[in-house]
Amino acid sequence: MPTKKSGNEESESKKIIDIEPQKKYDEDQFLTTNHGLRINDNQHSLKTGERGGTLIEDFILREKIHHFDHERIPERIVHARGSAAHGYFELFKPIGQYTKARLFNEKAVRTPVFVRFSTVAGSRGSTDLARDVRGFAVKFYTSEGNYDLVGNNIPVFFIQDAIKFPDLIHAVKPEPHNEIPQAASAHDTFWDFISLMPESMHMIMWVMSDRAIPRSLRMMEGFGVHTFRLINDAGESHFVKFHWKPVLGVHSVAWDEAQKISGKNSDFHRQDLWEAIESGAFPEWELGVQIVPEADEHKFDFDLLDATKIIPEELVPVQIIGKMTLNKNPDNFFAETEQVAFNPGHLIPGIDITNDPLLQGRLFSYSDTQLSRLGSHNFQELPINRPVAPVHNNQRDGHMRHTINTGRVSYEPNSLGGGCPFQAKAKEGGFTSFPELIESNKIRSRSKSFLDHFSQARLFFNSQSDAEKNHLIDALCFELGKVETPAIRKRMVHLLSYVEMSLAAPVAVYLGIDILPVPEGYLNRSFGADANPEDFQPLPVKSSVEISDALSMANTIKNSILTRRIAFLFADGVDQNSVDSVKSILEAQGAVVDFVAPRLSPVSSDSGVEYIPNKSFLTTASVLYDAVYIPGGLNSVATLAAEPDAIHFLNEAFKHCKAIAADGAAVQVLQETYFAKKLPKTSGKEEAMEKGIIIGDDPGQLANLFTKAIANHRFWDREKPEKVPA
Ligand code: HDD
């Protein structure tokens, strides 16, 4: 709909008049100190005369400055940069046969959740578009206590044993002598460590794939990663892997695009999540489970307790049991997103841990880190961490205690408090650990069943589309190209050759190194000083599944343009019909249209109606959109054709394989681009659709073809053969 300039101005000025008097006279709005004293001058400190020194007795100034000085808390050691939202989980399919958790049994209950997404390596202020794993942590506020599913957007991990976690993180974080590079794994220490840790090779495939540069936090999968246990009423255990499947499908950006987004809008993902929720396009994920009976524990060619392995969906299908919807942004970033404290040890009856050595170590780490980050064991009392289930125990006092415990009894057993609080029997909702039979020696070692490091890396690589394989190879060339130590590059290429020669060879050619045989005893450093290295050599296992469709984003859902951002490029004289009809069709399907013009001043259309541009070529960029449309209109087309910024915008969109549409009367603009010679000769043909470039004279037909092209997300196939400079 065209916006009349005058109308906009009216409502802006009206808003100010409405709000002001209300604020002024509302008793609750008086500025006060933290002890509740009303302040009547927040402009001047107390001084010895107008030009005199400030008095230390100015307790109002002191309190304000003191509080300010202490506003920061330590950022998370990993996952420092995060964005979060509130929502709820609804169960479709109760799974009482596997678990007694009410969360997975009560269909009528909407369980509140708080979800925090994050990057891992970067600091709080780093870019959203770093090549990195994304944290996907969900806190379910269940009637039986909080349950935290603290997962990632990648279903495996770099290491098998938590004792290596500090090494991994020290290696990936900025190098300690100069704090370079920020939020990037492309440096020597990371690849030095990885090249000596063959167990990381499966994870490396995922991190070098486009999964590590999502288009949106709303368009990525989530995984519990570890194998957990579900326990039913009869006390029986089933193994389980958790999956979050985004309703909008799994989509990523191009690496060149990711790097540019980092400069143009480093809050890209945070803003995208925020705006989607504000606009009512609530992000949704279905929750799936892969269930493995206890009896099948050793049935696979990998170990269920090894966090570097997936269970291929071909072996154990994912059963969808419910859906999570995020429908409310936090009110305060610090109080909620920053202070939320997750812990894989926040379990509820019916869900239990396994002996996965990575998970076991995590159980210690999270509560410990919350202590140094949030300052006190009373962090559970912060509003965002407080369970909805009542808390009764004899834990007392400590820094920043909120609860005022009454009475004289803080011990158990007691008679003076009537025996309260009571222990709950299992049938009363008490938590009982699965009584797993353990017969073994205390030992520092690793099971031989953990020694296959390459078969699933190969499975992942071979399951990718050609475009995805190319991206993965390019990512490795980029990352290893940034590594300065030749020996590290060589070791990495050797390791890649164990994954797949068609992966290692192009990387070796790019780096100009030969793939040499791996020195004896080198392939696995996961042994102690007294161990025999021979016992720890990787096992040459072939995965029983050779291709898994679920691992390729090429097979993801591509049926929606909901929340996709489309840039309409135009200038004075634009054809109103060409704008309005395409815009209304795209918006009816939930797309978000931005008017981008050379200037921010109103643009007059051929009919005289004015459009207010949302953005100009100065304030936005092609990389911030999913698709571009150029409406007709003689003057507008001539202006854009002569505007280098508009042509660059289009060239970049083409380079990043996005859908581009143009009114038949706007072809002149396209002809100025580098990709002009690749344009289809006729409009609306299959051939055009295949390339993702739609040109048409009928706005309705054009909009429908454009919709399909945008839903396709990207036209990766044109990337290599039709590469353009941009
Ligand atoms: Fe971790 C945070 C996920 C292994 C130690 N981790 C953290 C967060 C996520 C994960 C999503 C951010 C939570 C938030 O948003 O506040 N971590 C994982 C996954 C892992 C994993 C999926 C492997 C499967 N983590 C892991 C290990 C250790 C840690 C092996 C230590 C032994 N993780 C931490 C931590 C953090 C953390 C240091 C930092 C901030 C926090 O806990 O609250 O304790």
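**Figure 1. His713, in the segment after α19 (699-711).** This close-up of a predicted model starts with His713, where phi is near 75°, a positive value in a residue other than glycine. For background, most residues other than glycine have a negative phi. His713 has a relative accessible area of 5%, so the residue is buried (under 20% relative accessible area; over 50% is exposed and the range in between is partly exposed, with a 1.4 Å probe and protein chains only). Helices here are DSSP runs of H or I with at least four residues, strands are E runs of at least two, and both are numbered from the N terminus. Because the model is predicted, local features need pLDDT of at least 70 and side-chain atom pairs count only at pLDDT 80 or more, while totals for chains, interfaces and linings use all residues.

**Figure 2. Cys657, in the loop between α16 (644-655) and β17 (659-663).** Here is another residue with a positive phi: Cys657 is not a glycine, yet its phi is about 65°. Cys657 counts as buried because its relative accessibility is 0%.

**Figure 3. Two cis peptide bonds, from Ile180 to Pro181 and from Glu412 to Pro413.** Most peptide bonds are trans, so these two spots deserve a look. Omega is near -5° for the bond from Ile180 to Pro181, and Pro181 sits in the loop between α3 (165-172) and α4 (188-195). For the bond from Glu412 to Pro413, omega is near 5°. Pro413 belongs to the loop between α9 and α10 (455-462).

**Figure 4. The iron atom of the ligand and Tyr366.** Tyr366 is the only protein donor of the iron atom, through its OH at 1.8 Å. Donors are N, O and S atoms within 2.8 Å of the metal (3.2 Å for Na, K and Ca); water is not among the atoms, so sites may look incomplete. Tyr366 is part of helix α9 (residues 357-374). A polar side-chain atom of Tyr366 also lies 2.6 Å from a nitrogen atom of the ligand.

**Figure 5. The shell around the ligand, with 23 residues.** Arg76, Arg116, Arg362, Tyr366 and Gln370 come nearest. Helix α9 gives the largest share of the shell, seven residues, and β3 (134-142), β4 (145-152) and α9 each supply at least two. By class, the shell has 11 nonpolar, nine polar and three charged residues; Ala, Val, Leu, Ile, Met, Phe, Trp, Tyr, Cys and Pro count as nonpolar, Asp, Glu, Lys and Arg as charged, and the others, Gly among them, as polar. An N or O atom in the side chain of Arg362 is 3.3 Å from a nitrogen atom of the ligand, and one in the side chain of Gln370 is 2.8 Å from an oxygen atom of the ligand.

**Figure 6. Asp306, in the loop between β8 (284-293) and β9 (319-328).** With 0% relative accessibility, Asp306 counts as buried. Apart from its neighbours within four places in sequence, Asp306 is in contact (heavy atoms within 4.5 Å) with Gln160 and Phe450.

Terms used:
Residues numbered from 1 in each chain as written. Heavy atoms only, no water. Near = heavy atom within 4 Å. Polar contact = N/O pair within 3.5 Å; in protein donor to acceptor, adjacent residues only side chain to side chain.
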